[in-house]
Amino acid sequence: MKAMDSDWFAQNYMGRQSKVGVIDMNKFNCWGGSLSIGHPFAATGVRLATHCANRLIRENGQIALIAACAAGGQVCVTLFV
């Protein structure tokens, strides 16, 4: 993450004129995705939805977005409001 706050990294590896800056970790998903919270065969969507609903309750949230891959490069996106 520190590399994003480096002018040298931004110019040489990202093709930018200046650094991106430090990422606000409060906006970053520190709870992990489907692999880190458990990736049960044929039940990842249910696992992510349940995990997401619990997080909304704990953090008094209102909106959540889940993006999960499906076999063959397809994607499934779910928006909870």
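Helices are DSSP runs of H or I that hold at least four residues, and they are numbered from the N terminus. With that in mind, Phe9 and Tyr13 both belong to helix α1 (residues 7–13), where they sit 4 residues apart, about one turn of the helix. The model shown here is predicted.

**Aromatic rings**

- The structure holds 2 aromatic pairs.
- One of them joins Trp8 and Tyr13, whose ring centres are 5.6 Å apart and whose planes meet at 65°, so this pair is edge-to-face.
- Phe9 and Tyr13 make a stacked pair, with 5.4 Å from centre to centre and 25° between the planes.
- Through these ring pairs, Trp8, Phe9 and Tyr13 are linked into a cluster.

**Exposure of the ring residues**

- Tyr13 has a relative accessible area of 58%, and therefore counts as exposed, because exposed means over 50%.
- Trp8 is exposed as well.
- Phe9, at 24% relative accessibility, counts as partly exposed, because this value falls between the 20% and 50% limits.

**Nonpolar surface patch**

- Ile63, Leu65, Val75, Val77, Leu79 and Val81 form a nonpolar patch on the surface, and together they have about 690 Å² of accessible area.
- Strand β2 (residues 74–80) gives the most to this nonpolar patch, contributing 3 residues.
- Ile63, one of the patch residues, is placed in the loop between α2 (44–58) and β1 (64–70).
- With a relative accessible area of 59%, Ile63 is exposed.

Conventions: Residues are numbered from 1 along each chain as its sequence is written. This is a predicted model: local features need pLDDT of at least 70, side-chain atom pairs count only at pLDDT 80 or more; totals for chains, interfaces and linings use all residues. Side-chain values use heavy atoms; hydrogens and water are left out. Rings of Phe, Tyr and Trp (its six-membered ring) pair if their centres lie within 6.5 Å; planes under 30 degrees apart count as stacked, over 60 as edge-to-face and the rest as tilted. Buried means under 20% relative accessible area, exposed over 50%, partly exposed in between (1.4 Å probe, protein chains only). Helices (H or I, at least four residues) and strands (E, at least two) are DSSP runs, numbered from the N terminus. Patches are made of residues with over 30% relative accessible area and no salt bridge: like charges are joined within 9 Å, nonpolar side chains (Val, Leu, Ile, Met, Phe, Trp, Tyr) within 5 Å. Accessible areas come from the Shrake-Rupley method with a 1.4 Å probe; for residues, only the protein chains shown count as cover. A salt bridge is a side-chain nitrogen of Lys or Arg within 4 Å of a carboxyl oxygen of Asp or Glu.
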